[in-house]
Amino acid sequence: MQSCAYAADSWKLVSDESGRLRLINTNPYDIPEGESEIEPLFTPETDVIFRLFTRRNPAHGQVLQWNNPASVQNSNFVASHPTRFTIHGWNGGETSGLHANIRQNYLSVGDYNVIAVDWGAGAQTANYIAARNRVASVGDIISRMVNTLVSATGTSRNNIYLIGHSLGAHAAGNAGKMQNGQLNTIVGLDPAGPLFSLSDADIMAPRDAQYTEAIFTNAGLLGFDLPLSDANFYPNGGRSQPGCGIDVSGNCAHSRAHELYAESVSTTVGFRATRCANHGEIVAGQCTPTGNANMGGEPSNQGRGVNGMFIVSTNAFVLLATQLLLVASLPVDNSNWHLVPDSDGRLHLVNTNPYALPDDSFVPNFVPEQDLIFRLFTRSNPTTPQVLEFGNAGSIAASNFNPAHPTRFTIHGWNSNGNDGMNTNIRDRYLSIGDYNMISVDWSAGAVNPNYIAARNAVGPAGAAVASFIDQLVAAGASTDNMYVIGFSLGAHVAGNAGKGQNGRVNTIIALDPAGPLFSLGQPDAVSPADGRYVEMIMTNGGLLGSSTPMGQATFTPNGGRTQPGCGTDIGGGCAHGRAPAYYAESITSSVPFRATRCASMQEVVEGNCTPSGPDANMGGEPSNYGRGVTGVYSLTTNDGAPFARG
């Protein structure tokens, strides 16, 4: 099945663990032959480099060879000292920040054998898929190095920790598996998320060591979002981190895991965490305290009975060695700007620092009452719009608007306009089945802006203007009983605000994968269940471009609500995000419904287990579920490509 990306569009710019932008081929099914041929050969036995640092050589590593016991015996390695391996992630190498940071903190507090694992020959590749698929072989060679240390010096496996970041966390887990879980501790620092699932044989797992610990700082974006260890710590909720600004690309939060761990090694304060009842409480931002433990630290929690899910709050500043530094990924100058996909998957520059916008940054003035464009399409003019003017009743009276016909508004997302594919696709579907007033809302004057924050903050005013325009249609004889407002991404929040401005009188609000960055349920301008008589949310990229929190009276989560079949790797999320309007458009005309099962909770959807807890319901469709008692969270599966509905 084809991915959502083709040819050159398969390649996207995504930040690596150091915040540098890298080209990634996001289509594992259609890698051009030329690109395959230039992928460098990676032979772990010769390409993985182990560098030993001790207090005798704190800055210049001694190379240890896994197949040369003499290299260990002739080094500064001391068998009686604790041994700590550090393992970098994708596109990292010898100079990866976690190596020096963690090493310096260890050597500042005691005599340790700190071994930096450099697998840059396999990690430094534009093809993320290739790097991801190497974690098992990297783990194997680390395991062999452990065997050499034990046989050459007599050191104990009970004295060895493996500490890996991102892809390196999974490499650490694989090394632990090959040691049959005998190593003392494995610490996974924000284990990589893309292309990993709990069923994978090479994913980090609880039994990889005597004690395993995971620290989640960018869960659901660059990091994995589900528990992977005996003890799972979620600083500041585990997704975003204080001091990181907007951090749309996630690199600041992702790197925070190794910064926090490094500090935990040498701090006298400690990261005291509260144990919660389950992972669902972490996702919901609620915690029933059931105990306490320290996150990270030296020695680890091995042997202390520490297990489960923990939350911990941190400052926006991190103490690194002896210097108080603002966290490095609160970007400055040109590094404020990152390429992030919009609603159509196109890359745009985004300023991810709301506190230090450049003086010359241009934010256009947005006056919704003047700038919004309402384009009417009916069966009499299915492709050529008639512009309905805000505050001009004559423009409505002179148009093909028929107050007796149902009215459907469509509202685009960030960096788009009224000609967005979601508008035209949904419009054409409606007009193919009946007489509708199809009104596309063009708020591009507020939405097309490299400053995502400004566009995000425009959803309230834009929605209020749509609500006022609805009053003008009602004055022309229309009824809110017969109106739906359908919005995608940021447009979903505009739709919600239009409903708020109508005091919930609009028949139906359809929120298609509502934008996630800078939105949370309960914010006054976020779409919410009270915005219409019936509010339906369709979640297809929850936790990345879309919100991971149910925001409707009914929330439908196709294929788990986060990734979508047929989208390939889709690291940027553009394909999965765009599936929400594609599913909804199909639902309007399809004779096969998107039949969904009601689950007991959102947590069940996250974990892939759904306990049927009420009548099934159809996702989308015309007419909507208004008046049918459809509430709660629903799970369903779709096909890889159109037609998507399975019935």
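This is a predicted model: local features need pLDDT of at least 70, side-chain atom pairs count only at pLDDT 80 or more; totals for chains, interfaces and linings use all residues.
Now widen the selection to strand β8, residues 185-189, and strand β9, residues 211-215. The two pair in the parallel sense, over five bridges.

Next, show the whole sheet. It is open and built from 11 strands, in the order β4-β3-β6-β5-β7-β8-β9-β10-β13-β11-β12. The pairing is mixed. Go to the edges: β4 (62-64) and β12 each have a single partner strand, so one side of each is left without a neighbour in the sheet. From one strand to the next, the twist averages 25 degrees.

Move on to strand β11, residues 271-276. Which strands pair with β11 in the antiparallel sense? One is β12 (residues 292-295), over four bridges. Here Thr274 stands opposite Asn292. Another is β13 (residues 308-312), over three bridges. Pick Arg275 to find its bridge partner in β13, Phe310.

Last stop: helices α16 (residues 459-475) and α17 (residues 490-501). Their axes lie 7 Å apart, and the helices pack at an angle of about 50 degrees. That angle makes α16 oblique to α17. The crossing is right-handed. Color the contact residues, among them Val459, Gly460 and Ala462 in α16, and Leu490, His493 and Val494 in α17. How many residues of this contact are nonpolar, polar or charged? Eight are nonpolar, five are polar and none is charged.

Methods:
Residues are numbered from 1 along each chain as its sequence is written. Side-chain values use heavy atoms; hydrogens and water are left out. Two strands pair if DSSP finds at least two bridges between them. Axes are lines fitted to C-alpha atoms, for helices over the stretch in contact, and angles run from 0 to 180 degrees between N-to-C directions. Angles under 35 degrees count as roughly parallel, over 145 as roughly antiparallel, 65 to 115 as roughly perpendicular and the rest as oblique. A crossing is left-handed if the near helix is turned anticlockwise from the far one by less than a right angle, and right-handed if clockwise. Contact means heavy atoms within 4.5 Å. Ala, Val, Leu, Ile, Met, Phe, Trp, Tyr, Cys and Pro count as nonpolar, Asp, Glu, Lys and Arg as charged, and the others, Gly among them, as polar.
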